[in-house]
Structure formats: C-alpha cells, structure tokens
Amino acid sequence: MIDYAAMDQGSGLRQLALRSEPTVLTMLQHGDRVAELTLLWQVCSALQNYGYTVTVLDGTAEESEANPGLLNMLEEPYAPSPLQDCAKWSVIPSARGLKLLGNHTADMQARLSNRLSDSAVWVVYASAEALGMLQKNKQNYRPVVALSPETTSLLSAYQGIKDLALMVRLSEVIAVTVNPLDTPEYLATGIAKSLQNCTMNFLKCPVRHVSTQLKNQESPAAELAPESIRQLALQLLGLPVQASSSQVAESAVASTGAMSASTRPKVAHDHRLWSR
C-alpha cells in the first residue's frame with residue numbers, strides 16, 4: 001500500500017519537473033450528475049493534495065458574455081484567463097470552446113499551453129461527442145466514467161461509452177461506481193460487472209472497475225478523497241501504485257466468471273437493451 005504520509009505537497013510538483021506538457025485526463029458526461037460531480041470533486045481533490053495544480057475544462061457549461069471561458073481564451077489569446085476558482089482548483093466553462101477545438105482538429109495542448117501554463121493537470125469533463133472529436137487521433141485512450149448503482153445510470157453510461165467508441169478507439173474504460181453510504185457493496189459490484197460484460201461483448205472494450213462512496217461534503221472526512229480514488233489519480237498520471245488488499249480481492253472477483261443471478265442486475269440478461 002502507498003505510504004501517503006511520505007508524499008508531501010511538493011511531491012506532485014517534483015514529478016512534473018520531468019514533464020514538458022500537462023497531463024490531460026478525460027471524464028465522460030452521460031447524465032448522472034451526482035455520480036459525475038462527486039467523482040470529479042474527489043479526483044481533483046486527490047490531485048491537489050498531491051501538489052498538482054488542476055484546471056477543469058467543463059464541457060457541460062456554455063460560455064457567454066457574462067460567463068466567459070474556453071472559447072474566449074481561444075479567440076482572445078492575450079486576454080486575462082476567465083478562470084473560476086473552486087477553492088482548490090480552477091474551473092473553466094468550455095462547451096463551445098471544446099466544440100471549436102474538435103471541429104478544427106487542433107491539438108488542445110498546443111493551443112492552450114501558454115494560457116494554462118501554471119496548470120499541471122487538465123481534466124476535461126464533457127459529452128461523448130465532444131470527447132470523441134478531441135481524442136479521435138489519440139492512442140491508448142482511457143476515459144473515466146462515473147455511475148451510480150442504479151439501472152438508469154448503468155444504461156446511460158453504456159450508451160455514452162458506445163457513442164464514444166463510434167468516434168475513437170478505446171483501449172480501456174475506467175468505470176467508477178459512486179455508492180451512497182447505505183447501498184450494499186454487492187449492488188455496485190453487480191452494476192460494474194454488467195457494464196464490463198456488455199461493453200466487452202458488444203464494443204470489444206475492457207472496463208476496469210473502481211469503487212468510491214458518495215460523501216457528505218460538509219463532513220471533515222470529505223476533505224480527503226477515498227484511498228481508491230487517490231490511487232486512481234496516481235494511475236491516471238502514469239505513476240506506479242501498489243494495490244491495497246481490498247483492490248486485489250476486487251480484481252480477483254472481477255476476473256472470475258459471471259456473478260450469481262441473485263446479485264446481478266437483471267438488465268445484463270436482456271441484450272436488447274445494449275445492442276441498440
């Protein structure tokens with residue numbers, strides 16, 4: 001297990017001394033706002049706690065005269081950056097700007113490196129269409145998808161992955177179930193297994209499962225992202241981590257055949273829901 005106490009606030013910055021470009025992470029927006037925003041907060045919090053400066057390009061928020069964002073940065077390269085401080089990281093409305101970048105097949109890092117030079121990690125949170133346009137030429141693309149242990153979230157997550165797979169070659173999808181505190185763990189595992197089976201069967205794309213909990217943001221314990229998300233954040237940056245015993249056990253369960261019918265959501269058995 002990682003010794004988090006040994007990693008101070010400068011650890012991330014020292015790692016970046018070897019990097020010439022910011023790291024770009026992507027999160028698929030498919031409609032489950034509670035799960036998606038919870039995971040976005042936890043990932044950004046984990047990165048910030050490691051010492052990385054983070055900027056979120058929010059593809060769900062549209063730029064306007066009263067709400068400037070990425071589009072303004074692209075059209076006015078020497079104007080002040082319209083950053084919205086989120087106490088620990090910066091958020092930029094980016095819906096129209098991401099569309100502009102996608103339509104012109106421009107390299108996002110090249111276009112924005114000067115404007116966001118102080119940021120070590122960019123997190124792009126956007127729809128399948130926007131991410132597909134931006135990432136269509138990228139190799140080894142691994143988007144992150146957040147979902148709740150509910151059938152509606154499972155189906156919308158799959159549809160988002162399917163839409164993305166039509167535009168870009170996916171090497172892996174990282175599915176993170178965001179579980180309410182009163183939700184049994186087997187429900188989240190069953191939902192993830194259903195997504196893994198159907199995504200592999202119909203899209204030929206593997207899905208790696210990570211689990212986290214929906215926390216009360218007003219609680220002091222919410223200041224720290226769960227261990228699974230702290231490790232995921234480091235993995236997304238390409239840094240090695242040692243899996244905890246719980247993750248090893250979860251991986252072993254995921255690699256053993258189908259779950260029993262009593263714990264798997266019934267939607268996994270109806271292929272008509274997935275093949276549309």
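**Exercise 1. Work out which residues T38 contacts beyond its neighbours within four places in sequence, and state whether T38 is buried or exposed.**

Solution. Leaving aside neighbours within four places in sequence, T38 is in contact with R33, V178, Q213 and L214, where contact means heavy atoms within 4.5 Å. Next, T38 is placed in helix α2, residues 33-49; helices are DSSP runs of H or I with at least four residues, strands are runs of E with at least two, and both are numbered from the N terminus. Finally, T38 counts as buried because its relative accessibility is 7%, the term buried meaning under 20% relative accessible area, exposed over 50% and partly exposed in between, with a 1.4 Å probe and protein chains only.

The model is predicted, so that local features need pLDDT of at least 70 and side-chain atom pairs count only at pLDDT 80 or more, while totals for chains, interfaces and linings use all residues. Residues are numbered from 1 along each chain as its sequence is written, and side-chain values use heavy atoms, with hydrogens and water left out.

**Exercise 2. Decide which parts of the chain carry the lowest and the highest confidence.**

Solution. Begin with the chain, whose mean pLDDT is 80, with 72% of the residues at 70 or more; pLDDT is the predictor's confidence in each residue, from 0 to 100. Among the elements, the lowest mean pLDDT, 44, belongs to helix α10 (residues 245-255), and the highest, 98, to strand β6 (residues 144-147). Then look at the stretches below 50: residues 13-18 are one of them, with six contacts in the model beyond near neighbours in sequence, and over residues 245-276 pLDDT also stays under 50, although the model has 41 contacts there beyond four places in sequence. Where pLDDT is low, the predicted coordinates should not be read in detail.

**Exercise 3. Describe the surroundings of V124, and then the core in which V124 is among the residues with the most contacts.**

Solution. V124 is found in strand β5 and is buried, with a relative accessible area of 1%. Beyond four places in sequence, V124 is in contact with V24, L25, T26, M27, L57, L98, M108, L131 and L134. The C-alpha atoms of V124 and D58 are separated by 6.4 Å, although these residues are 66 apart along the chain.

**Exercise 4. Find which residues of helix α4 are buried, and where they lie around the helix axis.**

Solution. In α4 (residues 95-103), the buried residues are G97, L98, L101 and G102. Seen down the axis, they fall within an arc of 135 degrees, so they line one face of the helix; the arc is that of the directions from the helix axis to the C-beta atoms. What covers these buried residues includes β2 (54-58), α3 (70-75), α5 (108-112), β5 (121-126) and α6 (128-135).

**Exercise 5. Determine how many disulfides the chain has.**

Solution. With a disulfide taken as a pair of cysteine sulfur atoms within 2.5 Å, the count comes to zero. As for individual cysteines, C198 counts as buried at 1% relative accessibility, and C205 counts as buried at 2%.

Definitions and conventions
A nonpolar core is a set of buried Ala, Val, Leu, Ile, Met, Phe, Trp, Tyr and Cys residues joined through side-chain atoms within 4.5 Å.
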